[in-house]
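Hi everyone, thanks for making time for this. I'd like to walk you through a structure that may be new to you, so please have the view open while I talk.

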Amino acid sequence: MTAVIALVGRPNVGKSTFFNRLTRTREALVADFPGLTRDRHYGTAQFEGRQYLVIDTGGFEPEEREGLVAAMAIQTRLAIQEADAICFLVDAKEGLSAQDEEIAMELRRGGKPIYLVVNKMDAKGAVSELPEFHRLGLGMPYTISAAHGHGVETLLEAVFSDLPSEEIAQQDAGKGPRIAMLGRPNVGKSTLVNAMLGEKRVLVFDEPGTTRDSIRIPYERDGKPYVMIDTAGMRRRARVGEGLEKLSVLKTLGALREADVVLLVLDARVGIAEQDSHLVGVAVELGRPIVVVINKWDGMSPHERKAVKQELERRLSFIQYAPVYTISALHGTGVGDLYKSIDRLWQDSRKHFSTGELNRALGEIIETHQPPMVGGRRIKLRYCHQGGENPVTLVFHGNQLTRLPGSYKRYLESAFRKALHLDSIPLRLLFRQGE
Ligand code: GDP
Ligand code: GDP
């Protein structure tokens with residue numbers, strides 16, 4: 001399970017600076033695409049080969065003080081729910097503030113591991129302000145400079161040595177694929193959840209003011225088990241404002257982590273928005289298989305339909321492998337077909353391939369098309385094995401692999417897709433030098 005680390009703290013302590021530092025250093029595991037390179041509030045990063053998700057809970061500044069505290073409290077509470085570890089940032093230059101103490105109180109209630117991070121310690125060894133931070137009762141502070149990078153390594157080592165080791169979540173195992181819906185408000189997620197569950201719809205309670213986890217609804221269809229992770233209801237609870245927008249993003253992230261298959265729901269009449277690309281980006285980086293669902297296909301002219309398809313092809317070119325369906329959730333048209341892809345993607349993403357099988361494929365693939373020469377020597381791919389499931393991860397060993405051009409990596413990916421009959425799920429290729 002991908003670990004989630006939340007950055008919490010009042011405005012200006014350096015959360016976004018720290019966020020940028022963490023996410024910039026990630027190794028690119030998938031091709032770059034627009035959306036992930038922009039300023040954002042959640043992103044993926046790597047520490048010693050381990051992938052994790054970072055959430056920046058700040059970045060918005062309501063005008064009134066009261067609003068600020070309230071909004072911060074909501075974000076903080078959400079972070080506690082969603083995160084495996086919390087980095088609580090305070091400002092070495094400003095010292096301890098009343099807001100810091102409020103946040104600390106909230107965090108202590110949450111029971112998640114908290115790392116007190118004193119930021120802006122630009123000069124190493126400047127420790128004069130530290131004793132006052134001990135007053136927060138959160139243990140030894142880690143000193144960092146988000147701007148310059150000092151102390152970040154030590155902090156991450158501490159965080160990761162406390163986290164449980166990675167393993168696929170066993171919750172709901174044997175209950176069939178867990179399905180999550182991804183999409184902006186009003187694209188038709190609730191309508192689709194209803195259509196997919198049919199009459200067996202379980203009513204979801206929306207109590208104002210309570211934050212709740214996404215609801216899991218186990219159900220059966222044609223004798224097969226499924227679990228719907230329903231985040232659609234949460235919108236109704238919400239009020240206006242930016243805090244809200246984020247709130248649902250965090251909820252959606254929670255659902256993405258749990259899901260085996262993600263349905264990306266788009267409104268044919270609206271197209272795809274920046275926020276969609278962000279979330280798709282995260283789904284891709286987490287390695288989740290995606291089904292693109294273009295909803296509200298009813299009542300559109302052939303001309304409009306063609307234009308929509310063309311636009312989506314262009315905007316979603318980085319998930320070319322994802323199956324695309326056009327449906328009407330309202331009328332139930334095309335909804336049953338979604339299950340074909342859900343079943344297949346779920347099975348494919350859990351497949352295991354023997355090392356022998358992979359290396360036979362590798363041999364043929366190399367024979368068809370040799371890796372290029374660099375500096376007078378041919379790049380050598382010696383062997384590969386499967387490094388993990390969901391996403392199916394292929395680990396390649398050989399010489400000069402860091403110099404393997406992108407074009408050859410793309411060839412490898414498409415050739416392995418063909419050889420292994422995995423045409424619709426994300427594949428992750430990792431390269432290990434010199435073994
Ligand atoms: P946020 O509101 O918590 O996201 O804070 P920002 O990341 O926007 O940072 C607020 C201000 O603090 C910006 O002017 C940053 O350049 C500055 N800042 C962030 N980290 C450091 C640091 O390590 N040292 C110094 N001197 N300034 C920093
Ligand atoms: P959510 O915010 O994504 O959960 O969206 P809802 O399911 O609440 O749907 C938003 C609006 O779109 C409602 O008025 C639905 O009736 C309408 N809607 C949903 N699916 C369709 C569809 O397939 N066709 C049409 N025409 N309207 C739809």
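Let's start with Val-392, whose bridge partner in β17 is Leu-427. That bridge belongs to a pairing between strand β16, residues 392-399, and strand β17, residues 427-433. The two strands run in the parallel sense, and seven bridges join them. How does the chain cross from β16 to β17? The path goes through helix α13, residues 406-420, and this β-α-β crossover is right-handed. Before we go on, please keep in mind that this is a predicted model.

If you want one bridge to click on, take Phe-47, which has Arg-50 as its bridge partner in β3.

Strand β3 also brings us to the aromatic rings. The count of aromatic pairs comes to eight. One of them is formed by Tyr-52 and Phe-160: the centres are 5.0 Å apart, the planes make an angle of 65 degrees, and the arrangement is edge-to-face. Why is this pair worth a look when you think about the sequence? Tyr-52 lies in strand β3 while Phe-160 lies in helix α5, residues 152-162, so the pair ties together parts that are 108 residues apart in sequence.

Let's zoom in on some contacts with oxygen atoms of ligand 1. A backbone N or O atom of Asn-12 comes to 2.7 Å from one oxygen atom. For Gly-14, a polar backbone atom is 3.0 Å from an oxygen atom of the ligand, and for Lys-120 a polar side-chain atom lies 3.0 Å from an oxygen atom of the ligand. Taken alone, ligand 1 exposes 580 Å², and the protein buries 71% of that.

Finally, please move along to ligand 2. Around this one there are 16 residues, with Asn-186, Lys-189, Ser-190, Thr-191 and Asp-298 coming nearest. Helix α6, residues 189-197, gives the most to the shell, with three residues. The shell divides into four nonpolar, six polar and six charged residues.

Here too we can pick out contacts with ligand oxygen atoms. Asn-295 places a polar side-chain atom 3.0 Å from an oxygen atom of ligand 2. In the side chain of Ser-328, an N or O atom is 3.1 Å from an oxygen atom of the ligand. Ala-329 takes part through its backbone, where a polar atom is 3.0 Å from an oxygen atom of ligand 2. How much of ligand 2 does the protein bury? Taken alone the ligand exposes 580 Å², and 78% of that is buried by the protein.

Technical notes. Residues numbered from 1 in each chain as written. Chains lettered and ligands numbered in written order. Predicted model: local features only at pLDDT ≥ 70, side-chain atom pairs only at ≥ 80, totals over all residues. Heavy atoms only, no water. Near = heavy atom within 4 Å. Polar contact = N/O pair within 3.5 Å; in protein donor to acceptor, adjacent residues only side chain to side chain. Areas by Shrake-Rupley, 256 points an atom, 1.4 Å probe, with all protein chains shown as cover. Helix = DSSP H or I, 4+ residues; strand = E, 2+ residues; numbered from the N terminus. Nonpolar A, V, L, I, M, F, W, Y, C, P; charged D, E, K, R; others polar. Pairing = 2+ DSSP bridges. Right-handed = clockwise from strand over helix to strand, strands pointing away. Phe/Tyr/Trp six-rings, centres within 6.5 Å; stacked < 30°, edge-to-face > 60°.
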